[in-house]
Every structure is written in C-alpha cells, then in structure tokens.
Amino acid sequence: LSKDDIQTGTGYYKEKWRGDEVNPGMASIKIENPNKDIAWGAAYWQYLQDLDKIESFEDTPLKIKRTLYLVHNTDKGEEMTEIKEGDVLHPGDLIKVKIRLQVDREMEFVHLSDQRAATFEPLQQLSGYHWQGGLGYYQNPRDTKMNFFIDFLPRGVFVLEYPLRVTQSGAFSNGIAELQSYYAPEFSSHSEGMRVEVK
C-alpha cells in the first residue's frame, strides 16, 4: 500500500481482489495503531451478485417477504394466483404485489424500497400518504422501484400491496425488496430475487 492510495485527511483507502484471489484467511483482519491517538475505522466485505439470485436475509428484527400475484377477474369477483419462478406472464396482465413486514419492536423512520422488473408499470403514479392494514406511510413511485417511507413502524405484522401492469415481453430480473432503518442501518432485511418471463 503506497501513500498515494490513502485519501488525505480521512485516511480512507480501498483494496480490491478478484474472485479467484479470495480465500478463507482473508476473513481475519488485524489492525495496529502505531500512534498514541485514538483512531476510528471500519472494514466491510462486499461482493456482487445477480439480483435474481439473491436469497432472502432475515437475521434481524425486521423480516420481509414479497409475493407477486396474477389477478383474474371472474364471475365470483377478483381471484389471485401466486406467481412462481418459471410462470409465463403476458402483456396486459394485472399483477398485485404483496409485501409482508414482520417487526419484533417499535421502530421509527424506516425505508422500504421495492425494486421491480422493467416490464412492470405501477398503476399508482402519484406520490402521497397512504394508510393500509394499520400502517401509515408515504408512497413514492420511481422509474425502477416503489419507495415507502414509514415514520413509525409498530411491533407486529403488516401487509402492503399495490398493483402493476405487465407492459412488454421478454425475460426480466424483478430485483428485491429492501427494508432498513434510517438511523440504525444495522436493522435491515431484504427479500429474495426472482426472474419474470413475459411472452
């Protein structure tokens, strides 16, 4: 490591290794401070993965599960069938997204980001405050995701849902849904990813 690699003022620097260079011994880090002054630092291990191959993460007080449903209008009213990986959709299909949140403690200022496939277009295009299933939140549709800003998240189980329309054919990654506390980011969780096929 040369002095040119270290950022002036903060001391920040980054090391990168290719996948074939990584080994189990790299999980152990030793840090020495040669000065008498207090030093602060952090280390993180980061890797990249295709969105549709990400598995759900629930080892925190926050648990999140996202399910997609295909909506059918019948003589008996609206019926929904769960969309599984490998199911084929068609342009014009109506999709309902259901996001189940489970929290074991009260939390404030929580952000939920639900990514969506490029073929999905939200029916609700305007931002605004909503009340659903005992939970109040500000909903903000964006080009690639739907944001939910929750001021106060009580302890319990909550289900949020919103509709999407299938717009074009192809094979798409549907991304993941992420839930994180703004001021305690260690409290976070995410759903698994999946692929969507439209013919």
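**Rings, strands and charges**

Biologist: Let's start with Phe 109. Is Phe 109 buried, exposed or partly exposed?

Modeller: Phe 109 has a relative accessibility of 39%, so Phe 109 counts as partly exposed. Exposed would need over 50%, and buried means under 20%. Keep in mind that this is a predicted model.

Biologist: Where is the place of Phe 109?

Modeller: Phe 109 sits in strand 5. Its phi is near 55°, which is a positive value in a residue other than glycine.

Biologist: How many aromatic pairs does a search of the whole structure find?

Modeller: Three aromatic pairs turn up. One of them is Phe 109 with Tyr 183: the ring centres are 5.8 Å apart and the planes are at 85°, so this pair is edge-to-face.

Biologist: Which parts does that pair tie together?

Modeller: Phe 109 belongs to strand 5 (residues 107–115), while Tyr 183 belongs to the loop between strand 12 (177–181) and strand 13 (188–190). The pair therefore links parts that are 74 residues apart in sequence.

Biologist: And Tyr 183, buried or exposed?

Modeller: Tyr 183 is exposed, at 70% relative accessible area.

Biologist: What about Tyr 137 and Phe 148, how far apart are the centres of their rings?

Modeller: The centres of Tyr 137 and Phe 148 are 5.4 Å apart, and with planes at 65° the pair is edge-to-face. Tyr 137 is in strand 8 (residues 135–141) and Phe 148 in strand 9 (residues 145–153), so the parts tied together are eleven residues apart in sequence.

Biologist: Is Tyr 137 buried or exposed?

Modeller: Tyr 137 is buried, with a relative accessible area of 1%. Phe 148 counts as buried too, at 1% relative accessibility.

Biologist: Which residues form one aromatic cluster with Tyr 137?

Modeller: Phe 148 and Tyr 162 are in that cluster with Tyr 137.

Biologist: Switching to strands. How many bridges join strand 1 to strand 4?

Modeller: Ten bridges join strand 1 (residues 62–74) to strand 4 (residues 94–103), and the two run antiparallel. As an example, Lys 63 has Gln 102 in strand 4 as its bridge partner.

Biologist: In what sense do strand 1 and strand 2 pair?

Modeller: Antiparallel, over six bridges, with strand 2 covering residues 77–82. His 72 is bridged to Glu 79 of strand 2.

Biologist: How many residues lie between strand 1 and strand 2 in their hairpin?

Modeller: Two residues lie between them.

Biologist: Now charges. Which residue lies over the face of Tyr 69?

Modeller: Lys 98 does, at 5.6 Å from the ring centre.

Biologist: Which residue forms a salt bridge with Lys 98?

Modeller: Glu 161 forms one with Lys 98, the closest N and O atoms being 3.6 Å apart. Glu 161 is in strand 10 (residues 156–166) and Lys 98 in strand 4, so this pair ties together parts 63 residues apart in sequence. Glu 161 counts as partly exposed at 28% relative accessibility, and Lys 98 counts as partly exposed at 23%.

Biologist: How many salt bridges does the structure hold?

Modeller: Ten. Among them is Lys 84 with Glu 82, at 3.3 Å from N to O. Lys 84 is partly exposed at 47% relative accessibility, and Glu 82 is partly exposed at 37%.

Biologist: What is the N to O distance for Glu 32 and Lys 30?

Modeller: Their side chains meet in a salt bridge at 3.4 Å. Glu 32 counts as exposed, at 62% relative accessibility, and Lys 30 counts as exposed at 70%.

Biologist: Last topic. Which residues form a nonpolar patch on the surface?

Modeller: Trp 17, Val 22 and Trp 45 do, with about 360 Å² of accessible area together. Trp 17 is in the segment before strand 1.

Technical notes. Residues numbered from 1 in each chain as written. Predicted model: local features only at pLDDT ≥ 70, side-chain atom pairs only at ≥ 80, totals over all residues. Heavy atoms only, no water. Phe/Tyr/Trp six-rings, centres within 6.5 Å; stacked < 30°, edge-to-face > 60°. Helix = DSSP H or I, 4+ residues; strand = E, 2+ residues; numbered from the N terminus. Buried < 20%, exposed > 50% of the residue type's maximum accessible area, 1.4 Å probe, protein only. Lys NZ or Arg CZ within 6 Å of the ring centre and 35° of its normal. Pairing = 2+ DSSP bridges. Patch = residues over 30% accessible without salt bridge, like charges linked within 9 Å, V, L, I, M, F, W, Y side chains within 5 Å. Areas by Shrake-Rupley, 256 points an atom, 1.4 Å probe, with all protein chains shown as cover. Salt bridge = Lys/Arg side-chain N within 4 Å of Asp/Glu carboxyl O.
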